[in-house]
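My plan is to look things up one at a time and write down what I find.

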Amino acid sequence: MKTPTKLIALIVTLLACAFLLIPIIQSVQAGLTVNYFRGLSSGLTLKWVGEVWELYSGSIFLSIRLALACLAVTLILGVPAAYALARNPGRASRVLEEFTSLPLAIPGLALALALLQLYGTYQGFRTNWSFILVGHVLYTLPFMVRSVLSVLATIDLRSLEEGAASLGARPARRFVDIVVPNALPGILAGALTVVTLSIGEFNLTWMLHTPYLKTLPVGLADSYASMRLEVASAYTLVFFVMIVPLLMAMQWASARAQRNMQ
Amino acid sequence: MTQRHFVMLCLVPLAIFTLAFLALPLARLIMASSESDAGWGIYLQILQTPRYLSTLVQTVAVSLAVTAAALVISTTAGLFLVRNRFTGRNALLSILTLPLAFPGVVVGFMIILLGGRQGLVNQIVPGHLVFAYSVFGLFLGYLYFSIPRVLLTVMAAAEKIDPALEEAARTLGARPHRIILDVLLPALAPALAAAGAIAFATAMGAFGTAFTLATDIDVLPMVIYTEFTLSAKIAMASALSVTLGLVTWIMLLMARSISGQTVAAGG
């Protein structure tokens, strides 16, 4: 490409970067300055971050706990299922995979309304954190299944398993000793995706949460509506500090899993 | 236990979970939409009630505008980043994919920081330019989370285009803009269609961003939310949810059949 076209493309790229990055910088800055409206000259402080910790540390821990529980459930449900789908690549498997992937396509709000209408009257369940967990698992499970399935699909599982079977390994043993180690890059990529998405999930959680069960993003919405800009920014900063390393690890793991497949 | 039995057993936990927490709730949602006096005619009512119809039109209009803008910006940036290697390229790429992990509410807050009462634009430009809570603010918010999604789809496709094609066009004397129009864009067309469908579906269903910004704007997710929580019009909220879900599902099904990609409709 010659210079003028290239220059326009460069400018568009830089403008897009500026559009995405500037508010992020603003929120980091606002979360760390004494008075955002007076600017940096009012001095830097960790006061707002401290205030966020006092107000919202419960939300932050709830989100971490939810993400880990969500990871455990998606591993238990997703990894064996991906194996079964890889061993039986028939029409029935396609239909089941397609159906479990629906939460990727249907907005979380609609899924939450569906869950609320069926289970909302069971008070013990409705007010328990496992109700939110169900929503998170629903949303993240397809990512785990697909991530593992895409790695398993490139491996000749049948020959590997036949080899092990001829040496006397039973199906469960073969799953643990052959399938899981071979699927590890996919499991890792899937796990990081599940944790990242669970910590940031808002659309379902907002509908499913109760006043006593506020997750990190629910707390964020709360702070945007009712706290001063500095506190809201400091909270967003805390969220960035958690989510950005996860996102980078997730992108690294996905790229690695894809490289292994080639 | 035979191999066959074991493989079937592996599917059981997923099947039970999906039945209990996806299939049955969705069936309940569809049934609930028919439980008002209007029965199944409620879907006709959506089109006959001016408020719902204008909401539908406005949501589609904003989503289409965002799709178009994201396609133009992300295709330009994506092609540039695929075709050029330079220092800082990876940094630019990281910035452009960063919002992928942001929930919709955070995206909304980003727009408030740009165009709210205490926002950047209002500080630089005198005269109280506050646009965060207008349709334009909503458009910017949707654009914020659409750029990375479209960018990744376009870049994945652009990397597969044979550079020899461009090379050949250049040797034959084609000007840069003709190479883009005649070589690159046709080769990218399936990816652009898929990315467009993804962007459109995501914008249609975006709740978090609308929740922060669209306090005075009627977009479908917000109307569903207020009908359900404030007006307690459960049947109408369900019917609108079913409609919205069908639209986004069909769009993403189309996207996947074109490009074979998986993308989530968060935001």
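Is A:Ala81 buried or exposed? I keep in mind that this is a predicted model. I counted the other C-beta atoms within 10 Å of A:Ala81 and got 28. The cut-off for a buried residue is 20 or more, so A:Ala81 is buried.

**Entry: around A:Ala81**

I placed A:Ala81 in helix α2 of chain A. Next I listed what A:Ala81 touches, leaving out residues up to four places away in sequence. The list holds A:Val145 from chain A, and B:Cys10, B:Leu11 and B:Leu14 from chain B. I also checked A:Ala81 against A:Ala9. They are 72 residues apart in sequence. In space, 45 Å separate them, C-alpha to C-alpha.

**Entry: chain A**

I went through the secondary structure of chain A and found 12 helices and zero strands. The chain has 262 residues, and buried ones make up 50% of them. I fitted a box to the C-alpha atoms along the principal axes, and it came to roughly 75 × 65 × 30 Å. Then I looked at contacts between residues at least 6 apart in sequence. In chain A, 76% of these join residues at least 24 apart.

**Entry: chain B**

I repeated the steps for chain B. It too comes out at 12 helices and zero strands. Of its 267 residues, 49% are buried. Its C-alpha atoms fill a box of roughly 75 × 70 × 35 Å, again along the principal axes. Among contacts between residues at least 6 apart in sequence, 75% join residues at least 24 apart.

**Entry: the two domains of chain A**

I noted the division of chain A into domain 1 (1-45) and domain 2 (53-261). Their centres, taken over C-alpha atoms, are separated by 32 Å. Five residues of domain 1 are in contact with six residues of domain 2. I sorted the domain 1 side of this contact by class. It has three nonpolar, two polar and no charged residues.

**Entry: where the chains meet**

How many residues of chain A are in contact with chain B? I found 63 in chain A, against 68 residues of chain B. Helix α1 (residues 3-32) of chain A gives the largest share of the chain A side, with 14 residues. By class, the chain A side divides into 47 nonpolar, 12 polar and four charged residues.

**Entry: the largest nonpolar core**

I finished with the nonpolar residues. A general point first: in soluble globular proteins, nonpolar side chains tend to be buried together. Here the largest nonpolar core has 171 residues. A:Leu113 and B:Ile147 have the most contacts inside this core. Which helix of chain A gives the most to this core? Helix α2 (residues 47-87) does, with 17 residues. Domain 1 and domain 2 of chain A both give residues to the core, so it lies between them.

I then looked up B:Ile147 by itself. Setting aside residues up to four places away in sequence, B:Ile147 touches A:Ala16 and A:Leu20 in chain A. In chain B, it touches B:Ala70, B:Ile73, B:Ser74 and B:Leu96.

Note on methods:
Residues numbered from 1 in each chain as written. Chains lettered and ligands numbered in written order. Predicted model: local features only at pLDDT ≥ 70, side-chain atom pairs only at ≥ 80, totals over all residues. Core = buried A, V, L, I, M, F, W, Y, C linked by C-beta atoms within 7 Å. Buried ≥ 20, exposed ≤ 12 C-beta atoms within 10 Å, placed from the backbone. Helix = DSSP H or I, 4+ residues; strand = E, 2+ residues; numbered from the N terminus. Domains from an automatic or database assignment. Contact = placed C-beta atoms within 7 Å. Nonpolar A, V, L, I, M, F, W, Y, C, P; charged D, E, K, R; others polar.
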